[in-house]
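Hello,

Here is the structure we spoke about, with my notes below it. Please read them with the model open.

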Amino acid sequence: MYYSNKIETLKDIFDSKKLEVAEGRLIVDGSVYPIVDDVIILLESSRYPDTLKKRMQITAGKTNRMPLEFAEDIQFTFGEEWQRFPKILPEHEQEFLQYFNLIDLSGLADSRVCDLGCGIGRWSYFLKDKCRELVLVDFSESIFVARRNLKDAKNSLFFMGDLRRLPFRDNFSDILFCLGVLHHLPTNSLDEIRTLKKYAPVLLVYLYYALDNKPIHFHILLFITTALRKAVARIRNPILRSSFTWVATILIYLPLIWLGKLSHPFGLSQFIPLYDAYNKKSIARINQDVYDRFFTRIEQRFSKKQILALRDSFNEVTVSDKLPYWHFVCKK
């Protein structure tokens, strides 16, 4: 069993005096959590995605109504997205370095790092040899993709859980990062960051920016694409989703990127939406981001000023002035 040699680590994470790993389950002080394909399931059964129910051969029946703060459609979308785009791509490494430019990677050797909302584990993949332990958490089926992508990372633990209801002790992690996740929740992202500080002394977070460093035509384009996103996010048919993703890639993203390349020699590329973020990305990477952007119903955006207001809860908040906007570090 994968976790048989990780008992002490699990005891520490859960702050448990009595913990047992049995066949297909983890027992923590009397609470039982299923283990499926090396993923520990922390979700309540009413919040299992349908695909997990099939894995566990759970017969569909009457379930309790989902609370408003749990967005089943977001869980579905990210589960579908990361099963559709499961590969770690070459450009992910450069993106990893961009996100972690505020973190001293050389100082993580003895640290436990938590990847909250890990998706396919594309950032943990580049951390696995830099830290002592990795704790990966996601509430969608993507956690099983992450397990496959990190199959050789013996220092990793995998949990399917809701980041708002983790049964972990305070400060269970030395560093917690949550990149591109909180702005898709049905609750205020900044409030969630204030809550997450109990789990680690250092938080690295990425939230969509409010285009507060961009000219007016960026805001106009965002207004149009937001209206389109709210309409197409309701689509669940995989063929229609795939078709729309390719149409948007070809008719929206690629033309703007090419326009940016043409205007770059004249020093005008900074005024072209999408160019800075995507000019060196592969079609596969752009396609994945299009899917992510248009099929996610909830999208919150924040200005740098709003993020710096987190200083009411942290001793230090540092916002990077580099792409992607805005990623920042909060320290207790």
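**Backbone geometry**

D29 sits in the loop between β2 (25-28) and β3. Its phi is near 50°, a positive value in a residue other than glycine, and D29 is partly exposed, with a relative accessible area of 46%. Please keep in mind that this is a predicted model.

L274 also has a positive phi, near 80°. L274 lies in the loop between α8 and α9 (275-278) and is partly exposed at a relative accessible area of 22%. For context, most residues other than glycine have a negative phi, and most peptide bonds are trans.

Two cis peptide bonds are worth a look. One runs from L323 to P324, with omega near -5°; the other runs from Y325 to W326, with omega near -15°. P324 is placed in the loop between β10 and β11, and W326 is found in the loop between β10 and β11 as well.

**Aromatic pairs**

W326 comes up again here. The centres of the Y209 and W326 rings are 6.2 Å apart and their planes are at 85°, so this pair counts as edge-to-face. Y209 belongs to the loop between β9 (202-206) and α7, and W326 to the loop between β10 (316-319) and β11 (327-331), so the pair ties together parts that are 117 residues apart in sequence. Y209 and W326 are both buried.

How many aromatic pairs does the whole structure hold? The search finds 23. Another of edge-to-face type is formed by Y99 and W123, at 5.1 Å centre to centre with 65° between the planes. Y99 is in helix α4 (residues 90-99) and W123 in the loop between β5 and β6, 24 residues apart. Y99 is buried, with a relative accessible area of 10%, and W123 is buried at 4%.

One aromatic cluster is made up of F14, Y33, F159, F168, F172 and Y199.

Beyond its neighbours within four places in sequence, I193 is in contact with L182, L203, V205, L207, L310, F314, F328 and C330.

**Salt bridges and charges over rings**

The structure holds 26 salt bridges. In one of them, R55 pairs with D37, with the closest N and O atoms 2.7 Å apart. R55 lies in helix α2 (residues 50-55) and D37 in the loop between β3 (31-36) and β4 (39-41), so the pair ties together parts that are 18 residues apart in sequence. R55 is partly exposed, at a relative accessible area of 36%. R55 also lies over the face of F144, at 3.9 Å from the ring centre. A further case of a charge over a ring is K128, which lies over the face of Y125 at 3.7 Å from the ring centre.

Salt bridges that share partners join both residues to D12, D110, R132, R169 and D174 in one network. The N to O distance between E133 and R112 is 2.7 Å. The two link distant parts of the chain, with E133 in strand β6 (residues 133-138) and R112 in strand β5 (residues 112-116), 21 residues apart.

E72 forms a salt bridge with R236, where the closest N and O atoms are 2.8 Å apart. E72 is in helix α3 and R236 in the loop between α7 (216-232) and α8, 164 residues apart. E72 counts as partly exposed at 34% relative accessibility, as does R236 at 37%.

**Helix α3**

E72 leads on to the helix that holds it. Helix α3 (residues 72-84) has 13 residues and reaches 18 Å from its first C-alpha to its last, close to the 18 Å expected at 1.5 Å a residue. Which of the residues of α3 are buried? They are I74, Q75, T77, F78, G79, E81 and W82. These buried residues pack against α5 (142-149), α8 (238-263) and α10 (283-294).

Regards

Key: Residues numbered from 1 in each chain as written. Predicted model: local features only at pLDDT ≥ 70, side-chain atom pairs only at ≥ 80, totals over all residues. Heavy atoms only, no water. Helix = DSSP H or I, 4+ residues; strand = E, 2+ residues; numbered from the N terminus. Expected span 1.5 Å × (residues − 1). Buried < 20%, exposed > 50% of the residue type's maximum accessible area, 1.4 Å probe, protein only. Contact = heavy atoms within 4.5 Å. Salt bridge = Lys/Arg side-chain N within 4 Å of Asp/Glu carboxyl O. Phe/Tyr/Trp six-rings, centres within 6.5 Å; stacked < 30°, edge-to-face > 60°. Lys NZ or Arg CZ within 6 Å of the ring centre and 35° of its normal.
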